[in-house]
Amino acid sequence: LKELGYNLEGRTVNGLVRYTKDGKKRVLINIDSKNALNVIVGHETTHLLKNTESYEKLKNLVIDYAKEKGEYDSRLEELTELYKDTNANIEEELISDLIGEYVFTDEAFVKNLSAKQPNIFQRIYNHIKHLIKMATAGSKEAKQLEQIKNTFDRAYKEMGKASEADSNLTTE
């Protein structure tokens, strides 16, 4: 990250999205970061969704959830302070942080996502399964990703049971 010019005095850059010479987006992760891998991956993956309809839906869902939990305003204040004197888009960074945390660590949010936005849930679920294939088998990172997948598996099964129960009600 230092070589790429992303070393900020007094701040740790956990990851970033960067364009390759052929125009593809790549996520770079600081392996020395103190933040959990899953949160960093979630945060940077959110940046990849930017400017899509899915991003807007996920953004609205995460803002509502953060406000319900009473976390939105205090987190916004923290990031405003952290990113002062930079040209960072504070709201975008906050949304990425919240999505990174909630999607990858908050089982209640994942269940809410599966119920309210099943298409987005499925896209993220598929992304997680892809990341697991890319991780080194047996590594700490692979184990963390497997835990996330298990959370999605449980939500997916519950969504299937709820869907089945709904269809039984309509056919009776």
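**Reading salt bridges**

Student: What is the relative accessible area of K69, and how is K69 classed?

Tutor: K69 has a relative accessible area of 40% and is partly exposed; buried means under 20%, exposed over 50%, and partly exposed in between (1.4 Å probe, protein chains only). This is a predicted model, in which local features need pLDDT of at least 70 and side-chain atom pairs pLDDT 80 or more, while totals for chains, interfaces and linings use all residues. Residues are numbered from 1 along each chain as its sequence is written, and side-chain values use heavy atoms, without hydrogens or water.

Student: How do I read a salt bridge, and which residues does K69 meet in one?

Tutor: Side chains of opposite charge can pair when their charged atoms come close. The rule asks for a side-chain nitrogen of Lys or Arg within 4 Å of a carboxyl oxygen of Asp or Glu. K69 meets E71 at 3.8 Å, N to O, and E71 is partly exposed at 24%. K69 also meets D106 at 3.1 Å. That pair links distant parts of the chain, 37 residues apart: K69 lies in helix α2 (residues 53-69), D106 in the loop between α4 (90-105) and α5 (107-116). Helices are DSSP runs of H or I, at least four residues, numbered from the N terminus. D106 is buried, at 13%.

Technical notes: Helices (H or I, at least four residues) and strands (E, at least two) are DSSP runs, numbered from the N terminus.
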